[in-house]
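Let's walk through a protein model together, one step at a time. Have a look at the chain first, and then read on.

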Amino acid sequence: MTTARASAAPDPADSVASAGGAPGTRGRSGAGTKGVPRARREEQIVAAALEEFGRHGHAAASMAAIARRVGVTKPMLYTYFGSKDGLYAACLEHIGHRLLAAINAAMASSPSGDRLPHAVLTAVFETLEEQRHAWFVLYDRTLPPGSEPWRAAHRHRAAVDDLAASGTAALLRGHGNDDALDADALKHVWTGTVSALVGWWVSHPDLSAHNMSARCARLLSAIRDGA
């Protein structure tokens, strides 16, 4: 992921290292390392932050823990992203855009309405394969209502919900059902189901995205056959 600030600009770690390192970090492996392009450093920080925010929520996430994951100093996180909220916003941009692009592609290429749910689930699992907890950055219940992180997360969730609404309405229309309330109810069932499946997947780290896609194919088939 490359944020708006990511470029060939020098890594602030260079200035930290050349000054002998931040207090308490001199000589520590990975702290203030030279030679890492700024864009690559931002990718490392965002990846670590997605894990931390996804596991613990915005409220309990530790900037110090994120810095340790990357092997940099905590002040460097503020140099790159300005604040904890700024880093959270970068995480939302990263995972939000990736999920939206994957879901859009799945919906555009799905050969039939009945196969759409499985195509979308597969796209979600493949997108989250290396960052499963990132889903819960979008759906973080610890965000203070009305705060900038809350508003940013709401914007991304609304975009995902719009796709869900479009998909569920199309699925019902394929079965001759144009009832708007039915479509809205099914959208809520669908989004809740996706979150539940991702949560279940997180608790089963041995299962790959491919495993989850195959499992969901079996489950959806059972549901259709039962209907």
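Among contacts in the chain (heavy atoms within 4.5 Å) between residues at least 6 apart in sequence, 66% join residues at least 24 apart. Before going further, please keep in mind that this is a predicted model, where local features need pLDDT of at least 70, side-chain atom pairs count only at pLDDT 80 or more, and totals for chains, interfaces and linings use all residues. Residues are numbered from 1 along each chain as its sequence is written, and side-chain values use heavy atoms, with hydrogens and water left out.

What is the chain built from? It has 10 helices and 0 strands, where helices are DSSP runs of H or I with at least four residues, strands are runs of E with at least two, and both are numbered from the N terminus. The chain has 227 residues, and 44% of them count as buried, meaning under 20% relative accessible area with a 1.4 Å probe, protein chains only. Its accessible surface is about 11,500 Å², and carbon and sulfur atoms account for 56% of that; such areas come from the Shrake-Rupley method with a 1.4 Å probe.

Now let's see how some helices meet. Helix H2 (residues 38-60) packs against H5 at an angle of about 105 degrees, with the axes 9 Å apart. Axes here are lines fitted to C-alpha atoms over the stretch in contact, and angles run from 0 to 180 degrees between N-to-C directions. H2 is therefore roughly perpendicular to H5, a label for angles of 65 to 115 degrees. Residues making this contact include Phe53 of H2 and His94 of H5.

Is His94 buried or exposed? His94 counts as buried because its relative accessibility is 12%. Its side chain also makes a polar contact with the side chain of Gln131, at 3.4 Å; for such a contact, a pair of N or O atoms lies within 3.5 Å, and within protein one must be able to donate a hydrogen and the other to accept it.

Finally, turn to helix H9 (residues 180-202) and helix H8 (residues 148-173), whose axes come within 8 Å and cross at roughly 120 degrees. So H8 is oblique to H9. Among the residues in this contact are Ala165 of H8 and Trp190 of H9. Helix H6 (residues 116-128) also packs with H9, at about 40 degrees and with axes 11 Å apart.

Key. Buried means under 20% relative accessible area, exposed over 50%, partly exposed in between (1.4 Å probe, protein chains only). Angles under 35 degrees count as roughly parallel, over 145 as roughly antiparallel, 65 to 115 as roughly perpendicular and the rest as oblique.
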